[in-house]
Amino acid sequence: MSALLTHLTAVERLAAHVNALPPEFARALGEDLEYARFGAALPDLPRFGSWGRGVEAWLSRGGLPHYTRLMTVQAPVHFGLKAAELVSNGALIGVEAGLAYLAGYFTQLCVSRALEPLVEQLVEQHRRQGELLPTARARIQWAQSLLFMQDLHGSALVGTPAVRSKLQIRKASSVKGVGRGFYELIRVSSLDAFGQAPSKLEVDGWMRGLYVFSLALGSPLGRLKVLSGAHLESKELYRGDGVDVFARVDEGLARTRELLVLLAGMIRRNSWGARSRAKFFEACPEGGPSRLTAA
């Protein structure tokens with residue numbers, strides 16, 4: 001969860017500069033920003049799939065849930081590329097909703113990769129004695145998320161109702177779960193990329209868990225969570241000598257725009273053969289940051 005707000009805020013920055021995007025993605029972000037947030041949030045959603053997981057997410061603790069690991073480490077590009085093929089064929093969901101979802105998904109992928117070397121560096125430098133690696137990562141990424149939102153909005157928004165809108169990943173107000181079309185998009189992409197897929201009941205649980213989390217984050221409890229990290233040094237973890245999270249996010253967004261140009265071409269040509277895929281994988285190699293798997 002710790003980088004979730006960073007990814008969702010990055011999606012807003014992508015949508016704020018749509019002139020730099022292929023026109024179909026620009027239209028989609030203008031119409032369906034919530035679905036872009038959904039795509040950006042998806043790899044983190046399994047963190048909210050149970051009461052225990054939700055508490056770990058709130059405390060910025062815990063390792064990677066199974067499907068988070070698959071979507072961030074094992075085959076994140078394959079998963080996203082299969083979804084793009086399904087969207088291209090007009091399958092399961094509306095085209096613009098699907099394009100917005102893809103824009104969000106590849107935003108989190110590119111921003112995560114741009115930030116990872118810096119996060120590894122900071123974990124090495126600021127890991128506390130006896131602190132588990134996932135806990136150190138989560139602590140640092142949470143601080144970066146708060147400082148990034150404060151940089152853009154003048155306030156981290158956490159502890160106020162305004163933060164709930166940043167976590168809105170559905171257009172409908174219902175919290176019943178994911179729509180059938182989006183679930184099928186996830187299921188088919190998962191089967192193709194991982195050989196397994198979550199049930200709709202699982203994904204619905206992820207969605208409800210994030211909704212409850214957003215309510216807590218927008219309440220006075222959220223303010224307490226911010227205050228618990230008041231000791232964090234912005235110069236050391238966000239912007240200072242050799243550290244510039246804002247610039248790294250912008251690097252990730254630049255890479256996102258390059259990939260969306262490639263995807264737009266593949267979608268227009270409906271080109272998903274081996275050569276087209278190989279070209280995309282050359283531009284965006286498979287796999288995830290190796291240290292995400294460390295204990």
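Colleague: Leaving aside neighbours within four places in sequence, which residues is Val 226 in contact with?

Modeller: This is a predicted model, to start with. Val 226 is in contact with Leu 146 and Val 158, once neighbours within four places in sequence are left aside.

Colleague: Where is Val 226, and is it buried or exposed?

Modeller: Val 226 sits in helix H12, residues 220-227. Val 226 is buried, with a relative accessible area of 15%.

Colleague: How far is Val 226 from Ala 156 in sequence and in space?

Modeller: They are 70 residues apart in sequence. In space, C-alpha to C-alpha, they are 8.6 Å apart.

Colleague: Let's zoom out. What secondary structure does the chain have?

Modeller: The chain has 15 helices and 2 strands. It has 295 residues, and 55% of them count as buried. The accessible surface of the chain is about 12,400 Å². Carbon and sulfur atoms account for 54% of that surface.

Colleague: Among contacts between residues at least 6 apart in sequence, how many join residues at least 24 apart?

Modeller: That share is 77%.

Colleague: Now the core. Which residues touch the most other members of the largest nonpolar core?

Modeller: Phe 38, Tyr 101, Leu 102 and Leu 263 do, in a core of 92 residues. Helix H7 gives the largest share of this core, 16 residues. In soluble globular proteins, nonpolar side chains tend to be buried together.

Colleague: Take Leu 102. What is Leu 102 in contact with, leaving aside neighbours within four places in sequence?

Modeller: Leu 102 contacts Phe 25, Gly 80, Ala 83, Ala 84, Val 87 and Ile 267, with those neighbours left aside.

Colleague: Cysteines next. How many disulfides?

Modeller: The count is 0. Cys 110 is in no disulfide, and the nearest cysteine sulfur, that of Cys 284, is 5.6 Å away. Cys 284 is in no disulfide either.

Colleague: Are Cys 110 and Cys 284 buried or exposed?

Modeller: Cys 110 counts as buried, at 5% relative accessibility. Cys 284 is buried too, with a relative accessible area of 4%.

Colleague: And Lys 166, buried or exposed?

Modeller: Lys 166 is buried, with a relative accessible area of 16%. Lys 166 is found in helix H9, residues 162-166.

Colleague: What does Lys 166 touch, not counting residues up to four places away in sequence?

Modeller: Lys 166 touches Leu 8, Glu 12, Arg 37, Met 149, His 153 and Leu 157, with that exclusion.

Colleague: What about Ser 189? What does Ser 189 touch, not counting residues up to four places away in sequence?

Modeller: Ser 189 touches Phe 79, Lys 82, Ala 83 and Leu 86, again with that exclusion. Ser 189 lies in helix H10, residues 180-194. Ser 189 counts as buried, at 0% relative accessibility.

Colleague: Last one, the outside. Which residues form a nonpolar patch on the surface?

Modeller: Tyr 211, Val 212 and Leu 215 form one, with about 250 Å² of accessible area together. Val 212 is in helix H11, residues 200-217.

How values were computed
Residues numbered from 1 in each chain as written. Predicted model: local features only at pLDDT ≥ 70, side-chain atom pairs only at ≥ 80, totals over all residues. Heavy atoms only, no water. Patch = residues over 30% accessible without salt bridge, like charges linked within 9 Å, V, L, I, M, F, W, Y side chains within 5 Å. Areas by Shrake-Rupley, 256 points an atom, 1.4 Å probe, with all protein chains shown as cover. Salt bridge = Lys/Arg side-chain N within 4 Å of Asp/Glu carboxyl O. Helix = DSSP H or I, 4+ residues; strand = E, 2+ residues; numbered from the N terminus. Disulfide = S-S within 2.5 Å. Buried < 20%, exposed > 50% of the residue type's maximum accessible area, 1.4 Å probe, protein only. Contact = heavy atoms within 4.5 Å. Core = buried A, V, L, I, M, F, W, Y, C linked by side-chain atoms within 4.5 Å.
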